[in-house]
Amino acid sequence: MPEKKPRIFGMSFASVYPLYVQKAEKKGRTKAEVDEIIFWLTGYDEKELQGQIDSMNDFETFFDEAPQLNPNVSLIKGVICGYRVEEIEDELMQKIRYLDKLVDELAKGKAMEKILRK
């Protein structure tokens, strides 16, 4: 029996994106900051990101089509959803959790330069 893919892989990025923005805005951060994090992580620009949202692409496609994963992603460490991001073996799940972790840090009030590992 083939291994079942985690549900998040098939979810559209567009359905989760507003939740990232909402989480940040509830803590006094902005949509622009969420976008900046996504641009930093994936290499997308504003137009490409909007294209991903408009296409309702799933997370797998979203990350497959990302221009370039930031070379500093290995600096993202810590626990998200009970998992240490640096130890997640599934590449796609790790990328999704990187994004979760960065948005989480934003919502917790971390400075942008720290979030973007500068």
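Author: Let us start with a word that we shall need at once: contact means heavy atoms within 4.5 Å. Helices (H or I, at least four residues) and strands (E, at least two) are DSSP runs, numbered from the N terminus. This is a predicted model, in which local features need pLDDT of at least 70 and side-chain atom pairs count only at pLDDT 80 or more, whereas totals for chains, interfaces and linings use all residues. Residues are numbered from 1 along each chain as its sequence is written, and side-chain values use heavy atoms, with hydrogens and water left out.

Reader: Which residues of α3 and α6 meet?

Author: On the α3 side they are Glu33, Val34, Ile37, Ile38, Trp40 and Leu41, and on the α6 side they are Lys95, Tyr98, Leu99, Leu102, Val103 and Leu106. Sorted by class, this contact has 10 nonpolar residues, no polar ones and 2 charged ones. Here Ala, Val, Leu, Ile, Met, Phe, Trp, Tyr, Cys and Pro count as nonpolar, Asp, Glu, Lys and Arg as charged, and the others, Gly among them, as polar.

Reader: How is the packing of two helices described?

Author: Two packed helices are described by the angle between their axes and the distance between the axes. The axes are lines fitted to C-alpha atoms, for helices over the stretch in contact, and the angles run from 0 to 180 degrees between N-to-C directions. For α3 and α6 the angle is about 145 degrees, and the axes are 10 Å apart. Their crossing is right-handed; a crossing is left-handed if the near helix is turned anticlockwise from the far one by less than a right angle, and right-handed if clockwise.

Reader: At what angle do helix α2 and helix α3 pack?

Author: Helix α2 (residues 13-26) and helix α3 (residues 31-42) pack at about 125 degrees, with their axes 8 Å apart. Angles under 35 degrees count as roughly parallel, over 145 as roughly antiparallel, 65 to 115 as roughly perpendicular and the rest as oblique, and α2 and α3 are therefore oblique to each other. The crossing of α2 and α3 is right-handed. In this contact Phe13, Tyr17, Tyr20, Val21, Ala24 and Glu25 of α2 meet Lys31, Val34, Asp35 and Ile38 of α3, and the residues divide into 7 nonpolar, no polar and 3 charged.

Reader: Is Leu102 buried or exposed?

Author: Buried means under 20% relative accessible area, exposed over 50%, and partly exposed in between (1.4 Å probe, protein chains only). Leu102, which lies in helix α6, has a relative accessible area of 0% and is therefore buried. Not counting residues up to four places away in sequence, Leu102 touches Ile37, Trp40, Leu41, Ile76, Ile115 and Arg117.

Reader: How many salt bridges does a search of the whole structure find?

Author: A salt bridge is a side-chain nitrogen of Lys or Arg within 4 Å of a carboxyl oxygen of Asp or Glu, and the search finds 10 of them. One of them joins Arg97 to Asp100, with the closest N and O atoms 2.7 Å apart. Both residues lie in helix α6 (residues 91-107), 3 residues apart, about one turn of the helix, and both are buried.

Reader: Which parts does the pair of Glu105 and Arg117 tie together?

Author: The side chains of Glu105 and Arg117 meet in a salt bridge, 2.8 Å from N to O. Glu105 lies in helix α6 and Arg117 in the segment after α7 (112-115), so the pair ties together parts that are 12 residues apart in sequence. Glu105 and Arg117 are both buried.

Reader: Where is Cys81, with its positive phi, found?

Author: Most residues other than glycine have a negative phi, and most peptide bonds are trans. Cys81, although it is not a glycine, has a positive phi of about 55 degrees, and Cys81 is found in the loop between β1 (79-80) and β2 (83-84). With a relative accessible area of 52%, Cys81 is exposed. Met56, in the loop between α4 (46-55) and α5 (59-64), also has a positive phi, near 55 degrees.
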